Amino acid sequence: MTTTTVSLGGQRYQANPELSARWRRATEEPAWVRWTLITIALTFLGLFLVLPLLVVLYGAFEQGLSVWFAAINEPDALAAIRLSLLVVVIVVPINVLFGVAAAWAIAKHEFRGKPILISLIDMPFAISPVVVGLIFVILFGSQGWLGPWLAAHDIRIIFAVPGIVIVIAFGTMPFIARELIPLMQQQGKEEEEASLTLGANGWKTFWYVTLPNIKWGLIYGVILCNARALGEFGAVAVVSGRIRGETNTMPLHIEVLYNEYLFTAAFAVSSLLTGLALVTIAIKSFVEWLDERSRASTAISHEGAVS
């Protein structure tokens, strides 16, 4: 029986090709199973992802670029675009601060009520967005618990931009925290403790030790938060009042155009939102590639140091 010598981690081992081939046959699926699964997956993606995307793009550009530009440059459409981008600029930094703080507290410290905090972070995943909007209407609406006090002080939350920001911030709250918590738990707290032992204060420890270790997870969470904030519909539809040119975000404006049978304009704005989603996916994939490259480089450096 022939054997092959291989090198792994600076050590040389004897490998048996026949046993290796037998092991691969025992652990790998047959070719027809693999191709069947691949076909089912590609068919599903084609029907429910690629085909709708092509329909949107075809409807947007069916009558030419001039019509597309006219639909995008319409005042209500520009107001919806500006409002969506404004909400993202406000919501994402808020969730970055909350997500990092919550992940730091959960992963690095032990305290009473920790399971409750984790459950509260997951709450937006379990509650319907429409119910979320209704909750904030009950709290801040004119007939709600805080409505009379807000009206007496001339503060508008419901049917105004603050209400939209609040419901989107609530709906996107878990994305960054949920990306960072398992990552920080896996990394442990030995490096932070070593930094504090060497005389660094808490801020320097976070900036020079914790943040570099979580940067890829943080970027990934920001991308997901941004995508959800741009596409949020249910809760915003309840609290915004759907005032054209004032409280309509891009998804709400698309619905208004479609209900008014302005299909080309609706597809034009949809194509812009779709383009932002595709850019988000591209950035997400690029970040994942950078993360894998960084991990591979770290593993090679560590293996070289060990050998």
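Author: Among contacts in the protein chain between residues at least 6 apart in sequence, 67% join residues at least 24 apart. This is a predicted model, where local features need pLDDT of at least 70 and side-chain atom pairs count only at pLDDT 80 or more, while totals for chains, interfaces and linings use all residues. Residues are numbered from 1 along each chain as its sequence is written, and side-chain values use heavy atoms, with hydrogens and water left out.

Reader: How many helices and strands does the protein chain have?

Author: Helices (H or I, at least four residues) and strands (E, at least two) are DSSP runs, numbered from the N terminus. In the protein chain there are 13 helices and 2 strands.

Reader: What share of the residues is buried?

Author: A residue is buried under 20% relative accessible area, exposed over 50%, and partly exposed in between (1.4 Å probe, protein chains only). Of the 307 residues in the protein chain, 34% are buried. For areas, the Shrake-Rupley method is used with a 1.4 Å probe, and for residues only the protein chains shown count as cover. The protein chain has an accessible surface of about 18,900 Å², and 68% of that belongs to carbon and sulfur atoms.

Reader: How should I read two helices that pack together, such as H4 and H5?

Author: Two packed helices are described by the angle between their axes and the distance between the axes. The axes are lines fitted to C-alpha atoms, for helices over the stretch in contact, and angles run from 0 to 180 degrees between N-to-C directions. Helix H4 (residues 75-108) packs with helix H5 (residues 114-126) at an angle of about 150°, and their axes are 11 Å apart. Angles under 35 degrees count as roughly parallel, over 145 as roughly antiparallel, 65 to 115 as roughly perpendicular and the rest as oblique. H4 and H5 are therefore roughly antiparallel. From H4, Phe 98, Ala 102 and Ile 106 make the contact, and from H5, Lys 114, Leu 117, Ile 118 and Ile 121.

Reader: Is the crossing of H4 and H5 left-handed or right-handed?

Author: A crossing is left-handed if the near helix is turned anticlockwise from the far one by less than a right angle, and right-handed if clockwise. H4 and H5 cross in the left-handed sense.

Reader: What about H4 and H10?

Author: H4 packs with helix H10 (residues 202-231) at an angle of about 140°, with axes 9 Å apart. The two helices H4 and H10 are therefore oblique, and their crossing is right-handed. Residues making the contact include Val 88, Val 92 and Trp 104 of H4 and Phe 206, Thr 210 and Leu 218 of H10.

Reader: Where do H6 and H8 meet?

Author: The axes of helix H6 (residues 129-140) and H8 come within 10 Å, crossing at roughly 135°. H6 and H8 are therefore oblique to each other, and the crossing of H6 and H8 is right-handed. Val 132, Gly 133, Phe 136 and Phe 140 of H6 meet Ile 166, Val 167 and Phe 170 of H8.

Reader: How many aromatic pairs are there?

Author: Rings of Phe, Tyr and Trp (its six-membered ring) pair if their centres lie within 6.5 Å; planes under 30 degrees apart count as stacked, over 60 as edge-to-face and the rest as tilted. There are 12 aromatic pairs in the structure. In one of them, Phe 61 and Trp 68 are stacked, 5.5 Å centre to centre with 20° between the planes. The pair of Trp 68 and Phe 69 is edge-to-face, because their planes are at 80°, with centres 5.1 Å apart. Trp 68 is buried at 14% relative accessibility, while Phe 61 is partly exposed at 35% and Phe 69 is partly exposed at 43%.

Reader: Which residues form a cluster through ring pairs?

Author: Trp 104, Trp 203, Phe 206 and Trp 207 are linked this way. Trp 104 lies in helix H4 and is partly exposed, at 24% relative accessible area. Trp 104 and Phe 206 are 102 residues apart in sequence, yet 9.6 Å apart in space, C-alpha to C-alpha.

Technical notes
Contact means heavy atoms within 4.5 Å.
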